[in-house]
Amino acid sequence: MARDLHHLLLLAALLQQLSATSAGDVATGSGGEKVHVAIYYESLCPYSARFVTNHLLKAYRDGLLDAADLTLVPYGNAKVDAHGAITCQHGPDECLLNTVQACAIDAWPDVKVHLGFIYCVSDLVMKNRHREWESCFQKQGLDPKPVTECYKGERGHNLSLEYGRQTAELVPPHQFVPWVVVDGKPLYNSLK
């Protein structure tokens, strides 16, 4: 557990370092291309929720959004059985919230919108009030209909399966959550 916390703090420090760097300095290639940052996480993991609420949103508010293309992948350590049923590390509530967040990302592709919603849910997780997640629609001024239709239907399950496939294809495989990948390279390996 201390090892995971150590890695979480290192990841947060690197994201804050990226946020302090100008878009031109962070950019790779020519013409100011954005750095691709992917965060693989699970909704009820305390480390993931803490990372979103204490570090990720702050880094993006501080300007990282201008220099990075952020992808959030709400799946984490879930497993899919032979029949396509998903089981989550922290139980059925986590599977529901992973799917809700997948649907939010799908419904509102603008990272500034879905990150705000995910932050709101993560904040509730940190306060042990995750069952109040639907209040985040109103708090963020968002119409719940596209997310509700998605997570209650086949679309939500398919999105979760897709995030599971993406997580399973990570090279090297994720070792903990949140798992941060910058331009195809996990920060864990880079920081070693």
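**Reading helix H5**

Reply: Val111, His114, Leu115, Gly116, Phe117, Ile118, Cys120, Val121, Ser122, Leu124 and Val125 are the buried residues of H5, where buried means under 20% relative accessible area with a 1.4 Å probe and protein chains only. Helices are DSSP runs of H or I with at least four residues, numbered from the N terminus. The model is predicted: local features need pLDDT of at least 70 and side-chain atom pairs pLDDT 80 or more, whereas totals for chains, interfaces and linings use all residues. Residues are numbered from 1 along each chain, and side-chain values use heavy atoms, without hydrogens and water.

Me: What caps the N-terminal end of H5?

Reply: Asp110 does, with a side-chain oxygen 2.9 Å from the backbone nitrogen of Lys112. Just after H5, Asn128 has a positive phi of about 55°.

Me: How is the packing of two helices described?

Reply: One gives the angle between their axes and the distance between the axes. Axes are lines fitted to C-alpha atoms over the stretch in contact, with angles from 0 to 180 degrees between N-to-C directions. Here the axes of H4 (residues 92-107) and H5 come within 9 Å and cross at roughly 160°. H4 and H5 are therefore roughly antiparallel, a term for angles over 145 degrees.

Me: Which residues of H4 and H5 meet?

Reply: Leu97, Val100, Gln101, Ala104 and Ile105 in H4 meet His114, Phe117, Ile118 and Val121 in H5; contact means heavy atoms within 4.5 Å.

Conventions:
Buried < 20%, exposed > 50% of the residue type's maximum accessible area, 1.4 Å probe, protein only. Helix = DSSP H or I, 4+ residues; strand = E, 2+ residues; numbered from the N terminus. Polar contact = N/O pair within 3.5 Å; in protein donor to acceptor, adjacent residues only side chain to side chain. Parallel < 35°, antiparallel > 145°, perpendicular 65-115°, else oblique.
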